Amino acid sequence: MADFDSILGSSAERIALAGLAVILWLAICLHAWYRQRAETGNPAGLLVAFASQTGTAEALARTAVLQIGQQTGNASGISVLPLNRIRPRHLLQTRRLLLVISTTGQGAAPDNARLFVDRYLTGSRDLGHLEYAMLGLGDRRYQAFCGFALELDGWLCAHGARRTGEVLLADRSNPLVLARWRDLIASMVGNADMAEAPALPGE
């Protein structure tokens with residue numbers, strides 16, 4: 001009887017361990033799926049990225065997501081990331097990219113974009129799958145007006161990315177340029193006749 005109970009105990013332990021392994025595997029798969037969805041954007045491959053020194057570009061990037069949500073009814077899967085957090089997988093999996101890019105000083109990248117510059121702008125990468133739109137923020141009182149935005153645009157174009165429309169350059173958050181940016185977002189998302197978008201923040 002003791003031997004029979006021992007066999008049953010071993011079988012029960014094996015079943016319990018197998019069940020635990022299945023649960024662990026499912027948890028890992030779920031975590032990987034959630035992380036990929038959170039970091040790579042929505043199923044359409046849309047990512048919003050920013051380079052911001054004072055917070056204006058970040059605020060405009062997040063407002064762009066609100067606009068997309070109003071337009072499409074769902075923006076929950078769209079990531080908003082500073083350029084420093086862009087990884088090769090983002091560049092590989094993203095199909096449409098909205099960029100809000102500030103310039104600091106005399107044409108320099110903001111602090112939260114300098115790692116991106118070091119990682120990518122000195123190298124080569126195939127971006128033929130990528131469509132993007134860009135808003136540059138700057139101040140015409142500086143000689144290199146929107147210098148970093150123009151540098152980034154040049155790098156994207158040189159590596160095959162396709163720009164939607166022209167690079168919009170806003171002098172001290174010019175409201176007319178920001179209105180054109182809203183229209184460009186609406187067009188890129190796919191409905192140029194979108195209803196009135198949320199108000200964009202100022203400086």
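This is a predicted model: local features need pLDDT of at least 70, side-chain atom pairs count only at pLDDT 80 or more; totals for chains, interfaces and linings use all residues.
Start with helix 5, residues 147–158. Its 12 residues should span 16 Å at 1.5 Å a residue. The end C-alpha atoms are 17 Å apart, which agrees. Which residues of helix 5 are buried? They are Phe-148, Ala-149, Leu-152, Asp-153, Trp-155 and Leu-156. Seen down the helix axis, these buried residues fall within an arc of 160°, so they line one face of helix 5. They pack against several elements: strand 1 (46–51), strand 3 (96–102), helix 4 (114–121), strand 4 (131–138) and strand 5 (162–163). Just after helix 5 comes Gly-160, with a positive phi of about 95°.

Now turn to charge. Side chains of opposite charge can pair when their charged atoms come close. The model has seven salt bridges. One of them joins Asp-139 and Arg-172, at 3.9 Å from N to O. Asp-139 sits in the loop between strand 4 and helix 5, and Arg-172 in the loop between strand 6 (168–171) and helix 6 (175–189), so the pair ties together parts 33 residues apart in sequence. Asp-139 counts as buried, at 13% relative accessibility. Arg-172 is partly exposed, at 44%. Both belong to a network of salt bridges that also links Arg-141 and Asp-171.

Another salt bridge pairs Arg-180 with Glu-166, with the closest N and O atoms 2.5 Å apart. This pair also links distant parts of the chain: Arg-180 is in helix 6, and Glu-166 is in the loop between strand 5 and strand 6, 14 residues apart. Arg-180 is partly exposed at 41% relative accessibility, and Glu-166 is partly exposed at 47%.

Methods: Residues are numbered from 1 along each chain as its sequence is written. Side-chain values use heavy atoms; hydrogens and water are left out. Helices (H or I, at least four residues) and strands (E, at least two) are DSSP runs, numbered from the N terminus. The expected span of a helix is 1.5 Å times one less than its number of residues. Buried means under 20% relative accessible area, exposed over 50%, partly exposed in between (1.4 Å probe, protein chains only). The arc is that of the directions from the helix axis to the C-beta atoms. Contact means heavy atoms within 4.5 Å. A salt bridge is a side-chain nitrogen of Lys or Arg within 4 Å of a carboxyl oxygen of Asp or Glu.
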